[in-house]
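Subject: Structure handover

Hello,

Please find the structure below, followed by notes on what turned up in it.

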Amino acid sequence: MSVYQRPIHLLWWLERRAYVLFVLRELSSVFVAWFVVFLLLLVNAISDGAASYQRFVDWSGQWWVVAINVIAMVFVLLHVVTWFGLAPRAMAIKVRGRRVPARQVVAAHYLAWLVLSAVVAWLVLR
Amino acid sequence: MATETTLEITLEVARYRPGVDTEPTLQSYQVPLREHWAILDGLTYVKDHLDGTLSFRWSCRMGICGSCGMTVNGEPQLSCATFLTDYAPGPIRVEPLRNFPVVRDLVVDIDDFMTKLPKVTPWLVREVQSPVEDGEYLQTPEELDEYQQYSMCINCMLCYSACPVYSLEPDFLGPAAIALAQRYNLDSRDEGADERRDVLSSPEGIWACTFVGECSAVCPKGVDPAGAIQRYKLTAATESIKELLMPRSRSRR
Ligand code: SF4
Ligand code: FES
């Protein structure tokens, strides 16, 4: 029996908004990885002493490093927001026999993020 | 006397004749634009009055049987539950469901799903069947609530049609099959979660899903297969951690 198989376009992901978002989120993992590398470089520079730290700071102040980091931050934010949005779908939490509403699960995630960020900020800035 | 004018709308229907055509072509038909007519009524009109060779599937005409799924203006829809007036003034493009081989015109071959479905053991599994005299397996409304949503699936394949992972990785078990596995996993009367686990946790199972979420967006029955998959990911991850810590206890779900 001859059947017709629709070929997959190279630009198939432009077909729907959700596909575009999905591809962007997949792409965001590259930038998450970049931030990890950046952080490791920073730690490495610090452990090598003040001069090396200064060199790292100068290097990261260049326009193109800043540009990469800004783009990376946008992607990481996209990653976080979509990831948190997913959380209530995966977590069916019950409190006293009732399923916790999705919005509360999402809110709890943002709250935890805020608290963790505050702790880190306190550790760094104190 | 005023002449009676019937409003019409154009259906651009994908035609594919196996063995004759190499790919589908669009053919236009004018059908009456009636308020209560669904796309399916338009197609039936074509078949009855304009072109008897047009092939499409349907049965219940009321969103229950799941056989009338088509791509309407690019979106997977039940053609019996999608109304002509919502697309006025048209034209309306009607194509077969994406991601399935087209057998003819709007008819697709869903054998792939039919072979995958039994792999998730979509029925109640009991370790020991109690005799009929013992009566029914009772269930509270809360226990029913756990899985009822997933039991609403009508196998319409709209979710497979919307899933880019399925189109890129045809071995993917797919949204409905996983949601149906969860329908039994979460049923208090079922004891088959272990049996389903290997299939569900395989690379072709839940882990192939990258959470595009379109399956849930297009599902006409509110099944939320994407949610079912994410939930099972969490269950599977918890299970493997437990197994790592306590190798011999394989718990129920
Ligand atoms: S999960 Fe929804 S979209 Fe998928 S087959 Fe079932 S009813 Fe159709
Ligand atoms: S004809 Fe049965 S669901 Fe549309």
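Over the ring of which residue does the charged end of Arg126(A) sit? That ring belongs to Trp122(A), with the charged end 5.1 Å from its centre. Here a charge sits over a ring if NZ of Lys or CZ of Arg is within 6 Å of the ring centre and within 35 degrees of the ring normal. In chain B, Arg34(B) lies over the face of Trp37(B), 4.6 Å from the ring centre.

Two points on conventions. This is a predicted model, in which local features need pLDDT of at least 70 and side-chain atom pairs count only at pLDDT 80 or more, while totals for chains, interfaces and linings use all residues. Residues are numbered from 1 along each chain as its sequence is written, chains are lettered from A and ligands numbered from 1 in the order in which they are written, and side-chain values use heavy atoms, with hydrogens and water left out.

Aromatic pairs

Rings of Phe, Tyr and Trp (its six-membered ring) pair if their centres lie within 6.5 Å; planes under 30 degrees apart count as stacked, over 60 as edge-to-face and the rest as tilted. By this rule there are 17 aromatic pairs over all chains. The pair of Phe84(A) and Trp113(A) is edge-to-face, because the ring centres are 5.9 Å apart and the planes stand at 90°. Phe84(A) lies in helix α3 (residues 63-90) of chain A and Trp113(A) in helix α4 (residues 102-125) of chain A, so the pair ties together parts 29 residues apart in sequence. Helices (H or I, at least four residues) and strands (E, at least two) are DSSP runs, numbered from the N terminus.

Buried means under 20% relative accessible area, exposed over 50%, and partly exposed in between (1.4 Å probe, protein chains only). Phe84(A) has 11% relative accessibility and so counts as buried; Trp113(A), at 34%, counts as partly exposed.

In chain B, Phe100(B) and Tyr166(B) form a tilted pair, 5.8 Å centre to centre with 50° between the planes. Phe100(B) is in the loop between β5 (92-95) and β6 (102-104) of chain B and Tyr166(B) in helix α5 (residues 164-168) of chain B, 66 residues apart. Both Phe100(B) and Tyr166(B) are buried.

Ring pairs also link Trp34(A), Phe38(A), Phe56(A), Trp59(A) and Trp64(A) into a cluster.

Helix α2 of chain A

Phe56(A) is also one of the buried residues of helix α2 (residues 50-60) of chain A, together with Ser52(A) and Ser60(A). These residues cover an arc of only 70° around the axis, so they are on the same side of α2(A); the arc is that of the directions from the helix axis to the C-beta atoms. What covers them includes α1 (17-47) and α3 of chain A. The face turned away from the buried side carries the exposed residues Ala50(A), Ala51(A) and Arg55(A).

Asp51(B)

Asp51(B) is in the loop between α1 (39-50) and β3 (69-72) of chain B. Its relative accessibility is 14%, so Asp51(B) counts as buried. The side chain of Asp51(B) makes polar contacts with the side chains of Arg15(B), at 2.9 Å, and Tyr29(B), at 2.8 Å. A polar contact is a pair of N or O atoms within 3.5 Å; within protein, one must be able to donate a hydrogen and the other to accept it, and residues adjacent in sequence count only if both atoms are side-chain atoms.

Regards

Terms used
Contact = heavy atoms within 4.5 Å.
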